[in-house]
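Please open the model in your viewer and keep the selection tool at hand.

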Amino acid sequence: MRQQRDTLKNTEQELRVFRWRALLAVLVVIILTGLLTGRLFYLQVVQHEVYSTRSEKNRVRVEPLPPTRGLIYDRNGELLAENRPTYNLTLVRERVDDLDETLSLLVELLELPEEEVEAFRQRSRQRQRPFQPALLMSDLDEEQIARLAVNRHRLPGVEVEAQLLRYYPDAEDLSHVLGYVGRINAEELQRLDTGDYAGTHFIGKTGVERFYEDELHGQAGLRKVETNARGRVLRELGRTDPVPGETLTLTLDKPLQRLAVDLLDGRRGAIVAIAPQSGEILAMASVPGFDSNQFVTGIDVASYRALQQDLDLPLFNRAIRGNYPAGSTIKPFMAITGLKEGVITPDTTIYDPGYYQLPNDDRRYRNWLRWGHGRVDLERALAVSNNTYFYSLAHELGIDRIHDSLAQFGFGRRVAADVAGESQALLPSRDWKRARYNQPWYPGETLSVGIGQGYLQITPLQLATATAVLANRGDWVQPRLALEIDGEPVPTALPDTPPDIDLANEAWWDRVYSGMEKVLSGGEGTARRSGVGLEYRMAGKSGTAQVFSLGQDQRYNAAELEERLRDHALFMAFAPVEDPQIAVSVIVENAGGGSSHAAGLAREMADFWLLERQAGKAPVGADQAGDPEDSAREDGRDGDG
């Protein structure tokens, strides 16, 4: 048997295995090469725009350009609100590695007081759009800027930027009427247009700044800049310029506004002056005021707490939000109501024994002159501020007709076209009392309203507006603050005003005016000493508003009362009677009788406007001495109360 030989190597089989392996390797290489080529094609061709843009963003950044806020002028072209250059500290959270460490370093470099640190940290965490700078601090001084510049390498995401900051040259005189701008808060950020307010840190908070925010703000622009690896700007590649805010010209007369503030002389109160024929608000002062510039940059905690805790309420705008009893300033409007409703004529007389009694009621509603004025008609009732006449008139009219008529003069409603935050005060009615107290209306309450007391509440702006309507013989022109916007006049004919007031006999207006003239010029006029030397015809009415009510047999003695419990002094007036150019309302809190403490102020305002501002003459002084109303106070509230 032949022995088989063992084969040590099968060359043919090895060659076959090698070929298969080589083919597999080539296929793998081809597949991998195809995948790599496909990926490169996808990245370089299909996704070219995406990655090109991402690459560009590593060195090119789009930044918002905030617009310049519009300027505010008075009617004479005097600047009331301007913009001044300043430096702000901003932070972009997305570019900060360790926010707490960065904030601690900033607090140290800026040497912030302890009470300001928490507010500083809160601003850094305020909700903000991604990659938008958050405003940490405004109005940096040179030393602070220098410290930040030296430590710039330690502060990624922190920038010191130059911007224009709002500034009010006459901050205290105009603090309430102009208002102020302040930092945009989280709530405002929710409702603001992200494009319009890109790069903007401030917004109007109160007053004119708030009401005309859209006109004053402008439109934001953009710029494209090249940056280095640290985000510092190297050069500008292009820009779209922002559109500045519109210029606003107000109806205010700055010298008259300053006079109003000076006349109040630090006493709590308000003065409003209106041009009756156009509705232009010439002055609207509320004292005390405050430095509105503090709120622009961010008022410190101690200063804000001091303003909040001040008993004189400097942050409270008395001219538009102060609610006061009208006192006897309501009597001319009651007179018009009685004439319009046919309850009285100008010749209607009553006998005043010093009090009025409702039928089947023992209570006596007293006149301010305890022994009475005897026989009085409409003109004399206005001149001497007789309560008994207007008690009788109010009872005959009833609260329903009184409410509807006074509403036509603007009481109980917001009257101005462009005044932010105005109160509507309170014009009471049967329905109001039922809804508020679930009680019926009583006849005695009607008598109180008839002399401007009880539930009736007015604002100084309402009183000035009603006086202007009275001066216009019932024709309405809505009060306004804006005169021009970018040189274009603001229309005077505005909607949503009460209907004009018509009297059956046009001469009845003259009879009411005559009674009001006698307040200042008549032998019995309650404010006759303030009318000495008048160079024009002026119609007015004084008022004294109760802070608290007296019982029937109680007597008022100011000397025994705490100062803040004393009566408020009021006066309303317009002049010249034949062609009214100014209507004024004055309220001085806790001053006493309106004829002795408010009439002279209204006279000074009218003198300045008519004799100096319009005629180029020096204003005539006014004697503000006391009058018979005040001498009779020992017998109870006077006719102005």
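A salt bridge is taken here as a side-chain nitrogen of Lys or Arg within 4 Å of a carboxyl oxygen of Asp or Glu. The model is a predicted one, in which local features need pLDDT of at least 70 and side-chain atom pairs count only at pLDDT 80 or more, whereas totals for chains, interfaces and linings use all residues. Residues are numbered from 1 along each chain as its sequence is written, and side-chain values use heavy atoms, with hydrogens and water left out.

**Charged pairs**

Over the whole structure, the search for salt bridges returns 29. Begin by selecting R268 and D312, whose side chains form a salt bridge with an N to O distance of 3.2 Å. R268 belongs to the loop between α10 (254-264) and β11 (269-275) and D312 to the loop between α12 (301-309) and α13 (318-321), so this pair ties together parts that are 44 residues apart in sequence. R268 is buried, with a relative accessible area of 9%, while D312 is partly exposed at 22%; buried means under 20% relative accessible area, exposed means over 50%, and partly exposed lies in between, using a 1.4 Å probe and protein chains only.

Next, select E517 and R537, which form a salt bridge with their closest N and O atoms 2.6 Å apart. E517 sits in helix α20 and R537 in the loop between α20 and β19 (539-545), 20 residues apart. E517 is buried at a relative accessible area of 16%, and R537 is partly exposed at 40%.

Then move to E341 and R401, where the closest N and O atoms of the salt bridge are 3.7 Å apart. Here E341 lies in the loop between α14 and β13 (350-352) and R401 in helix α16 (residues 387-408), a separation of 60 residues. E341 is partly exposed, with a relative accessible area of 31%, and R401 is partly exposed, also with 31%.

To finish with the charged residues, select E78, D170, D173, K254 and R258 together, as salt bridges link them in a network.

**Packed helices**

Two packed helices are described by the angle between their axes and the distance between the axes. Select helix α14 (residues 331-340) and helix α20 (residues 507-521), which pack at about 155° with their axes 11 Å apart; the axes are lines fitted to C-alpha atoms over the stretch in contact, and angles run from 0 to 180 degrees between N-to-C directions. That angle makes α14 roughly antiparallel to α20, a label for angles over 145 degrees. In contact, meaning heavy atoms within 4.5 Å, are P332, A335, I336 and L339 of α14 with W508, W509, V512 and M516 of α20.

Finally, select α10 and helix α22 (residues 599-613), which pack at an angle of about 155° with their axes 10 Å apart. α10 and α22 are therefore roughly antiparallel to each other. On α10 the contact is made by P255, L256, L259, A260, L263 and L264, and on α22 by L601, E604, M605, F608, W609 and R613.

Note on methods
Helices (H or I, at least four residues) and strands (E, at least two) are DSSP runs, numbered from the N terminus. Angles under 35 degrees count as roughly parallel, over 145 as roughly antiparallel, 65 to 115 as roughly perpendicular and the rest as oblique.
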